[in-house]
Amino acid sequence: MLTASAYNEATKFTYEFRESRLKKCCKIVESLPVGRLLDIGCSTGDWALHWQDKGWQSSGVDIDREHAQLARSRGIDAKYCDLNHDQLPFEKQSFDLIFAGEVIEHLIDTDGFISELYRCLRRGGHVLITTPNLASFENRLRILLGLYPVWVNYNLSGSGHVRAYTPRVLRKQLREHGFEIVIQKGNWVPFIPQRFLTDIDLPALAITGDLLPNLAMDIIMLARRD
């Protein structure tokens, strides 16, 4: 029987820096004091290496052993970790910033995951989370028409997402674990279905995510540990 962990491990993930999601995350990270960074789902280390070159001390975890090894070969302190079973392999209060881009939707115990983020962050540290928005403009329209929402799966196929978030629910859950919400943004609003047009095709779409973040395809949220 295929498990969420096995599916996640078999799915290859890489960073696409042309996405407005990552461009906006870059601006957020640039606004923070340089310190120690943990990249959750670090893949081959592109994101961690980008910030290491800018003065951050970067570490990473990934469920893909091959990708974690490649990240280590590039100078990143990368470790294997299956977040559906394992704690983060770091001491408490180890990091100033934890980045979890497109991760939480793949996890079964999201409360346990957020507790681990809190444990590993220093007081005053930040977590930057991105995740697909169940309540995006496209999904609202699809549900109105009786269609299944995009980036949501009823079984382990496609994107393999086992959790779905709206901005309000993500804010609520982070606050329940002691985080203060600092920034909420959206990447871009899919007025035209994303299979026809994306923010990579038309970068100017990024402004729609700033104007109407609750309708954006993806949630971008920065929270601070008390």
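**Reading a helix, its neighbours and its side chains**

Analyst: In α7, which spans residues 167-176, the buried residues are Pro 167, Leu 170, Arg 171, Gln 173 and Leu 174. Around the axis they cover an arc of only 165°, so they lie on the same side of α7. Please bear in mind that this is a predicted model.

User: Which residues are exposed on the other side of α7?

Analyst: Arg 168, Arg 175 and Glu 176 are exposed there.

User: Against which elements do the buried residues of α7 pack?

Analyst: They pack against helix α5 and against the strands β5 (121-132), β6 and β7 (218-225). After α7 comes Gly 178, with a positive phi near 95°.

User: How should I read a pair of aromatic rings?

Analyst: Two values describe such a pair: the distance of the centres and the angle of the planes. This structure holds 10 aromatic pairs. In the pair of Trp 47 and Trp 51, the ring centres are 5.6 Å apart and the planes stand at 70°; an angle over 60 degrees counts as edge-to-face, so this pair is edge-to-face.

User: Where do Trp 47 and Trp 51 lie?

Analyst: Both belong to helix α3 (residues 46-52), where they are 4 residues apart, about one turn of the helix. Trp 47 counts as buried because its relative accessibility is 0%. Trp 51 has a relative accessible area of 1%, so it is buried.

User: What is the geometry of the pair formed by Tyr 118 and Phe 179?

Analyst: Tyr 118 and Phe 179 are edge-to-face, with 5.5 Å from centre to centre and 85° between the planes. Tyr 118 is in helix α5 (residues 110-120) while Phe 179 is in strand β6 (residues 179-186), so the pair ties together parts that are 61 residues apart in sequence. Phe 179 is buried, since its relative accessible area is 4%.

User: Which residues form an aromatic cluster?

Analyst: One aromatic cluster is formed by Phe 13, Tyr 15, Phe 17, Trp 47, Trp 51 and Phe 99.

User: How many disulfides does the structure hold?

Analyst: The count rests on the distance between cysteine sulfur atoms, which must be within 2.5 Å. The structure holds 0 disulfides. For Cys 42, the closest cysteine sulfur is that of Cys 81, 10 Å away, which is too far for a bond. Cys 120 is likewise in no disulfide, and its nearest cysteine sulfur, again in Cys 81, is 9.3 Å away. Cys 42 is buried, with a relative accessible area of 0%. Cys 120 also counts as buried, at 0% relative accessibility.

User: Is Tyr 165 buried or exposed?

Analyst: Tyr 165, in the loop between α6 (137-144) and α7, is buried, with a relative accessible area of 4%. Its side chain makes a polar contact of 3.3 Å with the side chain of Thr 110. Beyond four places away in sequence, the residues that Tyr 165 touches include Ile 104, Pro 132, Leu 170, Gln 173 and Ile 219. Leu 170 and Gln 173 are among the buried residues of α7.

User: Is Ala 10 buried or exposed?

Analyst: Ala 10, found in helix α1 (residues 4-10), is exposed, because its relative accessible area is 60%.

Key
Residues are numbered from 1 along each chain as its sequence is written. This is a predicted model: local features need pLDDT of at least 70, side-chain atom pairs count only at pLDDT 80 or more; totals for chains, interfaces and linings use all residues. Side-chain values use heavy atoms; hydrogens and water are left out. Rings of Phe, Tyr and Trp (its six-membered ring) pair if their centres lie within 6.5 Å; planes under 30 degrees apart count as stacked, over 60 as edge-to-face and the rest as tilted. Helices (H or I, at least four residues) and strands (E, at least two) are DSSP runs, numbered from the N terminus. Buried means under 20% relative accessible area, exposed over 50%, partly exposed in between (1.4 Å probe, protein chains only). The arc is that of the directions from the helix axis to the C-beta atoms. Contact means heavy atoms within 4.5 Å. A polar contact is a pair of N or O atoms within 3.5 Å; within protein, one must be able to donate a hydrogen and the other to accept it, and residues adjacent in sequence count only if both atoms are side-chain atoms.
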